[in-house]
Amino acid sequence: MNVLITYNTTQYSIELLEQNGFTVNTTTVADNQLVNYINTNNISILLVKTTRINKAFIDACPTLKLIGYAGNQNIDTSYAKEKNIHVINAEEATRNAIAELVFAHVFGMVRFLHQANREMPLEGDSRFNELKKQFSNGLELQGKTIGIIGLKNAAEDIARIAFGVGMNVIGTCSTTKSITSTLRFFNKQSVSFVIKAQPVHEVLTQSDIIVVNLPKQEQYCITEKEFGMMKKGIGIVNVAHGSIIDEVALVNAIEAKHVKYAALDVFENQPNPEVQLLMNPEISLSPNIATTTIEATEKIGMTLAKQIIGLLK
């Protein structure tokens, strides 16, 4: 069977597939040319990262037997299953990478590193003492409460890091009643914590930092109403999907001094984020890199390859 991988993967995963009889193609194909390429080259297995795979796409590609996604879930999974097409993912492979980026932003925000790294290159030699005073009102995370909206996938790993720095962890979820997060130590000892899902209003009102950990949404989950329920001085992090937060409401909440910190790795208008976000000094920014590390890339490749072999060999 012919496999088309539309993103950068590791040679190890390619070799594993080839050793099991699959022909792997890593040609770069534009999204608007993908259907034609699949049909011309008799592609049975398609691996994508962010490409949208809808009903029309599936109907146009009768040779497909399996679709795998390594990034955001942007696939009409139910229709694919109706057409007897397997849909696989590598969400487990990216959980730690996502959690670590969340805390890269959180640590930076509470100590104003996202602002200091903008201003020090410009004025560090002329306003050093003023900048020191400006950025000396940072917070420590120990003892603070972090609220996770969406207790699936990376939530356990986000909680694990939070417990490690001494934070209180609460969460809310419409589909999961509780999760268990395990903190493992270098000497193979471990301790586990159970996080029970609470009503969303309790998470919004009690948290010092909020992390949204949800898949793509049809409507905003965080709007002016939700911002109004949060503590004044709240920090909010979104590395999940740009459809979750109303960006206009976020900017308004920052300007009203209600939101003190914000971090965005994903945007509504991606890959062309709004200038109002990019130029806002209160927002810590990254270009959709939550699932993209060397280790995650290796784990994604091997996770998907093993699932393909198990299902189709």
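Is Asn 288 buried, partly exposed or exposed? I note first that the model is predicted. I found a relative accessible area of 27% for Asn 288; buried would require under 20% and exposed over 50%, so Asn 288 is partly exposed. I placed Asn 288 in the loop between β13 (283-285) and α13 (294-312). I read its phi as near 55°, a positive value in a residue other than glycine.

I then looked up Asn 42, whose phi is near 55° and is likewise positive in a non-glycine residue. I located Asn 42 in the loop between α2 (34-40) and β3 (43-48). Asn 42 is partly exposed, at a relative accessible area of 43%.

I checked the peptide bond from Gln 270 to Pro 271 and found it cis, with omega near 15°. Pro 271 sits in the loop between β12 (259-264) and α12 (275-278).

I turned next to helix α8 (residues 155-164), whose axis comes within 8 Å of that of helix α5 (residues 91-110) and crosses it at roughly 45°. The two helices are therefore oblique to each other, and the crossing is right-handed. Among the contacting residues I listed Arg 95 and Phe 103 in α5, and Glu 156 and Ile 161 in α8. By class, this contact has 6 nonpolar, 1 polar and 5 charged residues.

I recorded 7 of the 10 residues of α8 as buried, so the helix is largely enclosed by the rest of the structure. The buried residues include Ile 158 and Phe 163. Their cover includes α5, β6 (145-149) and β7 (168-172). After α8 I noted Gly 166, with a positive phi near 85°.

Key: Residues are numbered from 1 along each chain as its sequence is written. This is a predicted model: local features need pLDDT of at least 70, side-chain atom pairs count only at pLDDT 80 or more; totals for chains, interfaces and linings use all residues. Side-chain values use heavy atoms; hydrogens and water are left out. Axes are lines fitted to C-alpha atoms, for helices over the stretch in contact, and angles run from 0 to 180 degrees between N-to-C directions. Helices (H or I, at least four residues) and strands (E, at least two) are DSSP runs, numbered from the N terminus. Angles under 35 degrees count as roughly parallel, over 145 as roughly antiparallel, 65 to 115 as roughly perpendicular and the rest as oblique. A crossing is left-handed if the near helix is turned anticlockwise from the far one by less than a right angle, and right-handed if clockwise. Contact means heavy atoms within 4.5 Å. Ala, Val, Leu, Ile, Met, Phe, Trp, Tyr, Cys and Pro count as nonpolar, Asp, Glu, Lys and Arg as charged, and the others, Gly among them, as polar. Buried means under 20% relative accessible area, exposed over 50%, partly exposed in between (1.4 Å probe, protein chains only).
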